[in-house]
Amino acid sequence: MSHRILIIDDEDDIREVAALSLETVAGWEVAVASSGAQGLARAIEYQPDAILLDVMMPGMDGPTTFRELRKNPVTAHIPVLLLTAKVQSSDQRRFADLGVNAILFKPFDPLTLSTQMADVLGW
Amino acid sequence: MDPAPQSAPKQPNSGPPDLTAALHRLWLQFLPQIEDRAAVLESAAAALAHNKLSAEQRQAAHAAAHKLAGTLGTFGLAEGTSLAREAELLYAAESELTQTAATRLAEVAHQLRIMLESRK
């Protein structure tokens, strides 16, 4: 089954590899945004089935973007998966406390990223 | 739904030909950017060796190491991620960097450079 995914990440290499992975391996539709602010606007118009959200971004970071997504009734229902290179348990606890649907870690395997997402989202 | 941490890849990617070829094209496309980040680590390590590492340079090295840690393993360089993560943690420490740390950071920067050269 095809799904629509929005990737929000300021790093263009990560954004492109993740998009390639989800499109090629899973056949999902992918939209991208390179900042939190751009991601909020894109989420409203694109209405993705899930959002893959980077944590560390200049300006509006991932946690702030997540809170804004949840505040807006138009985007509040969209599952959000945080994507982070932070592996320390204190960071993980902080991210989990936000209430995101899952935390995925960089580096990810392009071969299995879509499977990881599908698993945690129950697809 | 509870957050579900996922593990990082441990083996180089070896997927379908289309994906493998496309990943290689992206690797070549982003290699200059990746090398720039490695150069930031080399510069910081050199400055540290001469006791001239500024706060800004240390912050830049920390950011570069963080980005490399997130990127290299995605392109199949799991060892590169381990090295970059080690540098990230050392640069993130609140204390002054010791001589031992300086030596290790220089080694890490050098090993990352060798790894990148071998993947060209």
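This is a predicted model: local features need pLDDT of at least 70, side-chain atom pairs count only at pLDDT 80 or more; totals for chains, interfaces and linings use all residues.
Leaving aside neighbours within four places in sequence, A:Lys106 is in contact with A:Ile14, A:Leu83, A:Thr84 and A:Ala85 of chain A, and also with B:Gly70 and B:Thr74 of chain B. A:Lys106 sits in the loop between strand 5 and helix 5 (113-121) of chain A. Is A:Lys106 buried or exposed? There are 26 other C-beta atoms within 10 Å of A:Lys106, and because a residue needs 20 or more to be called buried, A:Lys106 counts as buried. The peptide bond that joins A:Lys106 to A:Pro107 is cis, with omega at about 0°, and A:Pro107 is likewise found in the loop between strand 5 and helix 5 of chain A.

Chain A has five helices and five strands, and from the N terminus on its elements run β-α-β-α-β-α-β-α-β-α. Its radius of gyration is 13 Å, close to the 14 Å that the globule rule gives for 123 residues, so chain A is as compact as a globular protein of that length. Taken along the principal axes, the box filled by the C-alpha atoms of chain A is roughly 35 × 30 × 30 Å. Buried residues make up 46% of the 123 residues in this chain, and among its contacts between residues at least 6 apart in sequence, 59% join residues that are at least 24 apart.

The strands of chain A form an open sheet of five strands with parallel pairing, and their order in the sheet is 2-1-3-4-5. At the edges are strand 2 (29-33) and strand 5 (102-105) of chain A, each of which pairs on one side only, and the twist from one strand to the next averages 25°. Strand 5 of chain A is joined by four bridges to strand 4 (residues 80-84) of chain A, and these two strands run parallel.

Helix 3 (residues 62-71) of chain A lies across strand 1 (4-8), strand 3 (50-54) and strand 4 of chain A, and runs at about 150° to strand 3 of chain A. Helix 5 of chain A has the buried residues A:Leu113, A:Ser114, A:Met117 and A:Val120. These residues cover an arc of only 135° around the axis, which puts them on the same side of helix 5 of chain A. What covers the buried residues of helix 5 of chain A includes helix 1 (12-26), strand 3, strand 4 and strand 5 of chain A. After helix 5 of chain A comes A:Gly122, whose phi is positive, near 70°.

Another loop of chain A, the one between helix 2 (36-46) and strand 3, holds A:Gln47, which has a positive phi of about 50° although it is not a glycine. A:Gln47 counts as partly exposed, with 13 C-beta neighbours inside 10 Å. The C-alpha atoms of A:Gln47 and A:Lys106 are separated by 25 Å, and the two residues are 59 residues apart along the chain.

Chain B is built from four helices and zero strands, and its elements run α-α-α-α from the N terminus on. Of its 120 residues, 37% count as buried, while residues 24 or more positions apart account for 58% of the contacts in chain B with a separation of 6 or more. The loop between helix 1 and helix 2 of chain B contains B:Asn51, a residue other than glycine whose phi is positive, near 60°. With 9 C-beta neighbours inside 10 Å, B:Asn51 counts as exposed.

Finally, how many residues does each chain give to the contact between them? Chain B gives 25 residues and chain A gives 27 residues. On the side of chain B that touches chain A, the elements that give two or more residues are helix 1 (17-49) and helix 2 (55-72) of chain B, and the largest share, seven residues, comes from helix 1 of chain B. The residues of this side of chain B divide into 13 nonpolar, ten polar and two charged.

Technical notes. Residues are numbered from 1 along each chain as its sequence is written. Chains are lettered from A and ligands numbered from 1 in the order in which they are written. Two residues are in contact if their C-beta atoms, placed from the backbone, lie within 7 Å. Ala, Val, Leu, Ile, Met, Phe, Trp, Tyr, Cys and Pro count as nonpolar, Asp, Glu, Lys and Arg as charged, and the others, Gly among them, as polar. The radius of gyration is taken over C-alpha atoms; the globule rule is 2.2 Å times the number of residues to the power 0.38. A residue is buried if 20 or more other C-beta atoms lie within 10 Å of its own, exposed if 12 or fewer, and partly exposed in between; C-beta atoms are placed from the backbone. Two strands pair if DSSP finds at least two bridges between them. Axes are lines fitted to C-alpha atoms, for helices over the stretch in contact, and angles run from 0 to 180 degrees between N-to-C directions. The arc is that of the directions from the helix axis to the C-beta atoms.
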